[in-house]
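Hi,

Here is the structure I promised to pass on.

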Amino acid sequence: LDRSDQYVFDLLNPQRSANGEFSPFYFETITAFVKDVSFAKKRLFSRSARYTGLTDRLAFAEPIVDTDKKKEEDVAFPLPTLEQLENVTTWVAHIEMKDGEKEEAVKAVHKITELASTATKVANLVVLVSNAASM
């Protein structure tokens, strides 16, 4: 996570409009599935996050990886489990592709779409693949 990653969370954080109504993208809770929770908290809990109420809505969780069954791509792009997606209605996934990880990134996108279609409440899915110019 980079400090600029907070921008996505700022967009998802509901803000009242001039007439006092919430944005159509209202989320009571925003859960960040990250590899390192303490690192993510340091990056995302800024002054603006406190002032806008983002810290009240933001929760963190680490994807659960079954160490007995984990594959190489599971380590590169860990995903939440179906249980962790139980109350998720909108999923925004970010895959940061590094050099030589084209096949792994494509597999991760396929896994994300399969997982989202299996999750009972996920109605919206957004997948961002960064550094994908070489694809």
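Starting at the N terminus, the elements of the chain come in the order α-β-α-α-α-β-α-β-α-β. That gives six helices and four strands. Do keep in mind that this is a predicted model.

A few numbers for the whole chain. It has 135 residues, and 31% of them are buried. Of the contacts with a separation of 6 or more, 68% are between residues 24 or more positions apart. The chain exposes about 9200 Å², with carbon and sulfur atoms supplying 51% of that area.

Which residues of α6 are buried? They are Ala 105, Ala 108, Ile 112, Leu 115 and Ala 116. Because these cover an arc of only 95° around the axis, they sit on the same side of α6. As for what lies over the buried residues of α6, the cover includes β3 (90-96) and β4. Turn to the other side of α6 and you'll find Glu 103, Glu 114 and Ser 117 exposed.

Helix α2 (residues 37-44) can be read in a similar way. Its buried residues are Val 37, Ala 40 and Leu 44. They cover an arc of only 60° around the axis, which puts them on the same side of α2.

If you want to find Val 126, look in strand β4, which covers residues 124-130. Why does Val 126 count as partly exposed? Its relative accessible area is 44%, and that class runs between the 20% limit for buried and the 50% limit for exposed.

Last, a loop residue. Tyr 26 is in the loop between α1 (6-12) and β1 (30-33). Tyr 26 is partly exposed too, with a relative accessible area of 36%. Along the sequence, Tyr 26 and Asn 13 are 13 residues apart, while in space their C-alpha atoms are 7.2 Å apart.

Cheers

Terms used. Residues numbered from 1 in each chain as written. Predicted model: local features only at pLDDT ≥ 70, side-chain atom pairs only at ≥ 80, totals over all residues. Heavy atoms only, no water. Helix = DSSP H or I, 4+ residues; strand = E, 2+ residues; numbered from the N terminus. Buried < 20%, exposed > 50% of the residue type's maximum accessible area, 1.4 Å probe, protein only. Arc of directions from axis to C-beta. Contact = heavy atoms within 4.5 Å. Areas by Shrake-Rupley, 256 points an atom, 1.4 Å probe, with all protein chains shown as cover.
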